[in-house]
Amino acid sequence: MGRGLARTHAAGAPAFGSPPADWAGDGFIGPLPLAHRPSASWGAFYADLRVEPFARRAHTLGSLTDRALDAVLAVCDRLRSGELDDGRPPARLHGDLWSGNVIWTADGAVLVDPAAHGGHPETDLAMLQLFGLPHLDRVLAAYDEAAPLTDGWRERVGLHQLHPLLVHAVLFGPSYGAAAERAALSVP
């Protein structure tokens with residue numbers, strides 16, 4: 001699975017935020033709309049189309065405190081500034097790669113229910129860690145063999161988990177808002 005995911009990421013995308021080929025319009029993550037709008041900068045894309053919209057919606061619903069919203073918006077400012085961009089080209093992401101979207105078969109892993117877009121490969125890897133994937137250490141090692149991970153990737157896991165945590169805060173409430181605040185405060 002790790003090597004296959006590395007190949008998917010290496011297929012690339014025309015831009016950060018771009019939808020899959022031949023797709024027009026927005027997508028979905030679970031039941032929620034997910035905007036597609038190509039961007040030259042990963043940080044601007046991630047802040048503008050993934051993190052901030054879901055943070056504001058979670059805040060409006062009461063699932064994100066004022067303090068947590070401030071912490072998330074501070075990360076958005078850093079993202080927009082380019083401080084957290086690393087120069088990598090856009091990867092083709094699954095986009096909703098939690099353990100429930102991985103089906104293990106006798107032939108290996110099958111990925112289902114994508115929210116595919118151009119993004120940062122560490123986002124899929126962080127999502128796999130969020131809810132616990134069986135054999136995660138083996139998957140990450142195989143990924144690293146196929147596409148070596150950059151230094152400090154483990155310290156950036158919270159950054160890449162912000163969006164899915166905020167999606168869950170919108171859908172399932174304040175406990176995920178608290179987790180999103182912790183993730184925002186962990187961003188190096």
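A: In helix 4, the buried residues are Pro121, Glu122, Thr123, Asp124, Leu125, Ala126, Met127, Leu128 and Leu130, where buried means under 20% relative accessible area, exposed over 50% and partly exposed in between (1.4 Å probe, protein chains only). Helices (H or I, at least four residues) and strands (E, at least two) are DSSP runs, numbered from the N terminus.

Q: What kind of model is this, and how are residues numbered?
A: The model is predicted, so local features need pLDDT of at least 70 and side-chain atom pairs count only at pLDDT 80 or more, while totals for chains, interfaces and linings use all residues. Residues are numbered from 1 along each chain as its sequence is written, and side-chain values use heavy atoms, with hydrogens and water left out.

Q: Back to helix 4, how many of its residues are buried?
A: Nine of the ten are buried, so helix 4 is largely enclosed by the rest of the structure.

Q: And what does Leu130 touch?
A: Leaving aside residues up to four places away in sequence, Leu130 touches Gln161, Pro164 and Leu165, a contact being heavy atoms within 4.5 Å.

Q: What happens just after helix 4?
A: Gly132 takes a positive phi of about 80° there. In the loop between helix 4 (121-130) and helix 5 (136-146) lies His135, whose phi is near 65°, a positive value in a residue other than glycine.

Q: Changing topic, where is Ala40, and is it buried or exposed?
A: Ala40 is in the loop between strand 2 (32-34) and helix 2 (42-60), and at 82% relative accessibility it counts as exposed. Ala40 and Phe16 are 24 residues apart along the chain, with 6.2 Å between their C-alpha atoms.

Q: What about helix 7, what span should it have?
A: Its 13 residues (174-186) should span 18 Å at 1.5 Å a residue, and the end C-alpha atoms are 18 Å apart, which agrees; the expected span is 1.5 Å times one less than the number of residues. Buried in helix 7 are Gly177, Ala179, Ala180, Glu181, Ala183 and Ala184, and their cover includes helix 3 (66-81) and helix 6 (157-172).

Q: Zooming out, what pattern does the chain follow?
A: The chain has seven helices and six strands, in the order α-β-β-α-α-β-β-β-β-α-α-α-α. Its radius of gyration is 16 Å, close to the 16 Å that the globule rule gives for 188 residues, so the chain is as compact as a globular protein of that length; the radius is taken over C-alpha atoms, and the rule is 2.2 Å times the number of residues to the power 0.38.
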